[in-house]
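Biologist: Before we begin, could you take me through this model slowly, and tell me which definition stands behind each word you use?

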Amino acid sequence: MNFILRQLNVIGWNRMLALLLLVWIIILLFTIIPMLTNHLSTSTDTLTSDRLNRALADLDVLRKQNVELQEVLKGISVANLKPDQKEALENFQHRLIKADRTLNDEDEGYIHQKEDPSMQYEILRRRLSNSVQEFWYYMHSELKKLQNHVQESQLQTAVKSIVNLGMQHKQSLLNDLEKLAEVDGYATWREKEANDLSNLVQARFRFLQNPTDCKKAKKLVCNLNKGCGYGCQLHHVVYCFMVAYGTQRTLILKSKGWRYHKTGWEEVFQPISESCMSTDGETVTNWPGYGNVQVLTLPIIDSISPRPPFLPLAIPEDLAPRLLRLHGDPFVWWVGQILKYLLRPQEKTSLLMQNAITNLNFQRPIVGVHVRRTDKVGTEAAFHGIEEYMNVVDEYYNQLELKKKVDKRRIYLATDDPKVIADAKAKYRHYEILGDPKISKTAAVASRYSDTSLQGIILDIHMLSMTDYLVCTFSSQVCRIAYEIMQNYYPDASSKFRSLDDVYYYGGQTANNRVAVFPHEPQVGEIQLKIGDVIAIAGNHWNGFSKGRNLRTNQMGLFPSFKVKPKIEIAKFPTYSEMYNNQNAEDS
């Protein structure tokens, strides 16, 4: 291994990683091209069978090689690497994770790739899938009510049969819609567009956070120690970053004395700036400041006044057309990108996560389940038994088995109550359940603010974000953060969750609005809708109905969920054109 590392240092990390990736892609192309060519040719059945068998065998080798590459990278110390070398290594690992998902997907045959889809097509495709799900929520809820009201056993049996067959219809429809996205020829565009957008905003973040002269730079100071838990504090830093990006001020994070790690953020995650960490400036004041004040200190989101236009749930205007086409929830993508920048781990944190993946034998397919108990239940959230979570997990795997054979049903179970893990293992023995009761113990209120607890919650969030699907309660910030980070592993992971309580929200957000696309005449407890009405949503009841306030009539009540669509909030953020001007000046 030492010899290999010495050779890598001689050749250069960037070149070596690029070479590894290039070799891997060439092997993949030479493996796939014969199969694709054969798929279109008129050669004999025997030749076709032989080539297909060889291609499948080679794909299996590629899967193993991919695993081996990941193991090799785990053993490489990044302590002595330069920042650009570390970034290159992290990007390469990120690509390997995506490749692992691709290699484990079943072959769909040759698909002619098209340039790019229309926005209307992508939005309609996602709306179809959501409408099927909402239709099933409604039918399932109403049929269950009917089943509970009828007395005759024969009628109850008939209703139960309708429910079971209806579930199969729903699964078939969703499976067909998922296949549509795989065979419509736009998969390559979605991957490329997601990567291009991510690279664009990450470059802007680096530019913002690394001014050429820190002494003259405009700064925004954010105190990490908000009086709440880890998930809440992380969302607080994301909010600070949004304001910094919107005001074109370098964010300075004050983290010394952090209640989770006294020595500060920078020992756990990489500094958010490589060149500017001082709060000093010629003029210093609190938000909103005045004129060209150099240093501003930002309050928490609940007390900021006046409220700038780029607070949650707003997305940047210049990115909006591309995001609306690519992603089902553009704001969640936006938060995910900020978290991607903020949560770049230090070597010790990175090794912690890599060792956990190895020790747990983390494999796909896998569903992430987060069960929040302790201080949340009875105050901010209702109690949900493990059976409610696992019913959804069963639905996911039943759906997945329509597409491919599942060797083992498994979940990663994160919770702040160790009894939940023991309960799940006792009741669901046919599942492989990954989870660490020690982490659950550290998440208890009495021991929550400690290094051990911090390591545990970092691991839980990382593992949850790496899963194929999330089942949780969005009343918990931990699950919302895992969902946000998950967006970095897919072009669009907006539908890869089921919340047992709230819709997605961001603390301190502006109103979460919907726009009526169909009229509705209300029954008892419902509100009237006219096309174009704006409704401030209070929640989805997951029975075909949502609750909200019609801003035209000021009525509060229920309405059919399928009769509205999201109203995307768009704000005029800076476009950072000076970044490109500087680059052009350097090139010339």
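Modeller: Let us start with strand β6 (residues 367–371), which is mostly covered, since five of its five residues are buried. Buried means under 20% relative accessible area, exposed over 50%, and partly exposed in between, with a 1.4 Å probe and protein chains only. Strands (E, at least two residues) and helices (H or I, at least four) are DSSP runs, numbered from the N terminus. This is a predicted model, in which local features need pLDDT of at least 70 and side-chain atom pairs count only at pLDDT 80 or more, while totals for chains, interfaces and linings use all residues. Residues are numbered from 1 along each chain as its sequence is written, and side-chain values use heavy atoms, with hydrogens and water left out.

Biologist: What makes both faces of β6 count as covered?

Modeller: Val 367, Val 369 and Val 371 lie on one side, Gly 368 and His 370 lie on the other, and all of these are buried.

Biologist: How do you know that β6 pairs with β7 and with β9?

Modeller: Two strands pair if DSSP finds at least two bridges between them. Between β6 and strand β7 (residues 410–415) there are five bridges, in the parallel sense, and between β6 and strand β9 (residues 469–472) there are three, also parallel. Gly 368 stands opposite Tyr 412 in β7, and its bridge partner in β9 is Leu 470.

Biologist: Why are β14 and β15 said to stand at the edges of their sheet?

Modeller: The open sheet has five strands in the order β14-β13-β12-β11-β15, with antiparallel pairing. β14 (556–560) and β15 (564–566) each have a single partner strand, so one side of each is left without a neighbour in the sheet.

Biologist: What joins β12 to the strands on either side of it?

Modeller: Five bridges join β12 (residues 534–540) to β13 (residues 545–550), and three join β12 to β11 (residues 513–516), both pairs being antiparallel. Ala 536 of β12 is the bridge partner of Asn 513, and the partner of Ala 536 in β13 is Arg 549. In the hairpin of β12 and β13, which has four residues between the strands, Trp 542 takes a positive phi near 55 degrees.

Biologist: Why is β12 called largely enclosed?

Modeller: Five of its seven residues are buried, so β12 is largely enclosed by the rest of the structure.

Biologist: How do you know that the length of helix α15 agrees with its number of residues?

Modeller: The expected span is 1.5 Å times one less than the number of residues. For the 16 residues of α15 (residues 451–466) that should be 22 Å, and the end C-alpha atoms are 23 Å apart, which agrees.

Biologist: Why is Arg 259 called partly exposed?

Modeller: Its relative accessibility is 27%, so Arg 259 counts as partly exposed. Arg 259 has its place in the loop between β2 (250–254) and β3 (284–286).
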